[in-house]
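This report examines how side chains are arranged in one protein model. Please study the sequence and the structure below before reading on.

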Amino acid sequence: MLLRVLLSLVTAFTIFFTSSAYAHPGKTDANGGHTCRTNCEKWGLKYGEYHYHDKNGNIIRQTNKTIHPPAIRVNSKHVVKVIRVVDGDTIDVRFSNGATSRVRFIGVNTPETVHPQKPVEKYGKEASNYTKKRLTNQTVTLEFDVGVKDKYGRFLAYVWVGKELYNETLVKDGYARVMTIQPNVKYQQRFITAERKARQQKKGLWKL
């Protein structure tokens with residue numbers, strides 16, 4: 001009996017120390033992954049880095065596992081985390097399953113700042129900085145229209161921050177012009193109205 005107790009204790013200590021050498025706290029999602037928020041450097045991760053654990057508790061970084069975005073249907077909505085702002089009208093996001101993708105805002109166009117064949121355009125930095133300030137590390141809702149992707153493979157979406165349609169805000173505050181590309185026209189009239197008011201009030205790029 002005593003021998004069995006000792007063996008049980010040895011086994012328990014072995015499991016504890018083995019797992020604690022690799023695993024770290026945090027609930028995992030439905031895909032078995034989670035985002036590092038504490039002591040990330042200790043585990044060799046960056047703050048906010050999404051990763052997995054194998055059955056032994058070893059860390060598997062997302063770069064070692066291909067994750068595809070969820071199936072995007074016409075007129076569907078998806079809650080995502082903004083992980084990077086590329087410029088005023090383009091962001092990188094992380095879906096709930098850990099997949100990351102680039103998203104171009106529908107119906108609006110901010111002045112260029114990162115185009116490989118164009119110089120930085122007037123008011124481009126202001127628009128880019130505004131989106132960085134508003135959306136970086138924010139949880140937003142992507143609303144898709146009829147055309148889900150563009151020719152570059154980027155997702156096309158309306159970006160909702162709570163009840164605020166951010167695409168419209170960019171136009172209303174003079175950071176973007178209306179750019180309508182069929183078949184994504186759901187909020188076209190709202191954008192046109194917002195641009196007309198921004199022009200009249202000489203906001204943002206309209207005061208140049």
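## Aromatic pairs

Nine aromatic pairs are found in a search of the whole structure; rings of Phe, Tyr and Trp (its six-membered ring) pair if their centres lie within 6.5 Å, and planes under 30 degrees apart count as stacked, over 60 as edge-to-face and the rest as tilted. The pair of W160 and Y187 is edge-to-face, because the ring centres are 5.9 Å apart and the planes stand at 75°. W160 belongs to strand β9 (residues 155–161), whereas Y187 is in the loop between β11 (177–178) and α4 (188–200), so the pair ties together parts that are 27 residues apart in sequence. Helices (H or I, at least four residues) and strands (E, at least two) are DSSP runs, numbered from the N terminus.

W160 is buried, at 15% relative accessible area, and Y187 is also buried, at 12%. Buried means under 20% relative accessible area, exposed over 50% and partly exposed in between (1.4 Å probe, protein chains only). Elsewhere, F105, Y123, Y130, Y166 and Y175 make up one aromatic cluster.

## Basis of the model

The model is predicted: local features need pLDDT of at least 70, side-chain atom pairs count only at pLDDT 80 or more, and totals for chains, interfaces and linings use all residues. Residues are numbered from 1 along each chain as its sequence is written, and side-chain values use heavy atoms, with hydrogens and water left out.

## Charges over rings

The charged end of K149 sits over the ring of F155, 4.8 Å from the ring centre. Likewise, the charged end of R177 sits over the ring of W206, at 5.1 Å from its centre. The criterion is that NZ of Lys or CZ of Arg is within 6 Å of the ring centre and within 35 degrees of the ring normal.

In soluble globular proteins, nonpolar side chains tend to be buried together.
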